[in-house]
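Reader: I would like to learn how to read salt bridges in a model. Where do we begin?

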Amino acid sequence: MTPRTESASAAGTVPAAGSPRRELLQSVVDVARAIFGAAASSVFLLDEEADELVFQAVSGQGEEFLVGRRFPAGRGIAGWVATSGEPMVVDDLTTAPSFDRSLAESTEFVPNALMAAPLISEGRVLGVLEVLDPSPRARTDMRELDLLAMFARQAAAALRVVSYAPADADPRGVGERLGPQQRADALRLLGSLEQLLREPC
C-alpha cells in the first residue's frame, strides 16, 4: 500500500537561515553525506498543493543555489521514491529508466549513482532524502540502504517535532516558534541515530 502524502508545514517555502527547521534539515543532509561518503546530499519536501518537490537543504555540490528550487513531484528517482514510499539505490544511473538526466543536468550536477529514501512519519510521506555518488560500499551493501531508510524515518520524526506549533501561534511562523524542549527533542533524535550509524558493524 502506498503511504499517503502530505505537505510538511510550509513545505512550499524555505525556512529562514538559523530557524530550527532549516538547522535540522541542514544537519540531516550534512550527516547523511558524511555517513555514506557521498559527494552531495539533499532533502526535498513535498508541496502537495503544487504537486512539487522542493529542495529544502543541500550539502555538497549545489548547496549555494539549489535550495528553494522546485520540480514536479512525479519526476525522477526522487519522485518515484516519494510516490512509492520505498527506498532505492541505483549503482549505475546510465541504465536506470527512472533517472531524469535532464533534471539532473539542470542542477549542474549529474551523479553516477545515488541512494534515496522517503521521509515517512505516521504513515505519511513528507519528502525524500537523497545521497549522490555515495561510497562504492554504500551502493552495494543493502544494509546501507536500510540504514539510510532508518535515518530518513528518524529525520521525518524530528521534522514533525520541529514543525509543531501551538494552536494560538501565528501560522506563518510554524516551526519558527519552537520551544527549547521541542528543539532539544528533535536534535536528540538525530544525534542518537548519527551515533548509531557511526558505530562499526
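Author: Begin with one residue. This is a predicted model, and in it glutamate 52 has a relative accessible area of 23%.

Reader: Which side chain does glutamate 52 meet in a salt bridge?

Author: The general idea is that side chains of opposite charge can pair when their charged atoms come close. Here glutamate 52 pairs with arginine 70, at 2.5 Å from N to O. The two belong to distant parts of the chain, 18 residues apart: glutamate 52 is in strand 3 (residues 52–60) and arginine 70 in strand 4.

Reader: Is arginine 70 buried or exposed, or partly exposed?

Author: Arginine 70 is partly exposed, at 32% relative accessibility. Its side chain also forms a salt bridge with aspartate 47, at 3.1 Å from N to O. That pair spans 23 residues and links strand 4 (residues 70–72) with strand 2 (residues 40–47). Aspartate 47 counts as buried because its relative accessible area, 11%, is under 20%.

Reader: How many salt bridges does the structure hold?

Author: There are 3. One of them joins aspartate 100 and arginine 75, at 2.7 Å from N to O. These partners sit in loops, 25 residues apart: aspartate 100 between strand 5 and helix 3, arginine 75 between strand 4 and helix 2. Aspartate 100 is buried at 17%, while arginine 75 is partly exposed at 29%.

Reader: Which residues do shared partners join into one network?

Author: Asp47, Glu52 and Arg70.

Key:
Residues are numbered from 1 along each chain as its sequence is written. This is a predicted model: local features need pLDDT of at least 70, side-chain atom pairs count only at pLDDT 80 or more; totals for chains, interfaces and linings use all residues. Side-chain values use heavy atoms; hydrogens and water are left out. A salt bridge is a side-chain nitrogen of Lys or Arg within 4 Å of a carboxyl oxygen of Asp or Glu. Helices (H or I, at least four residues) and strands (E, at least two) are DSSP runs, numbered from the N terminus. Buried means under 20% relative accessible area, exposed over 50%, partly exposed in between (1.4 Å probe, protein chains only).
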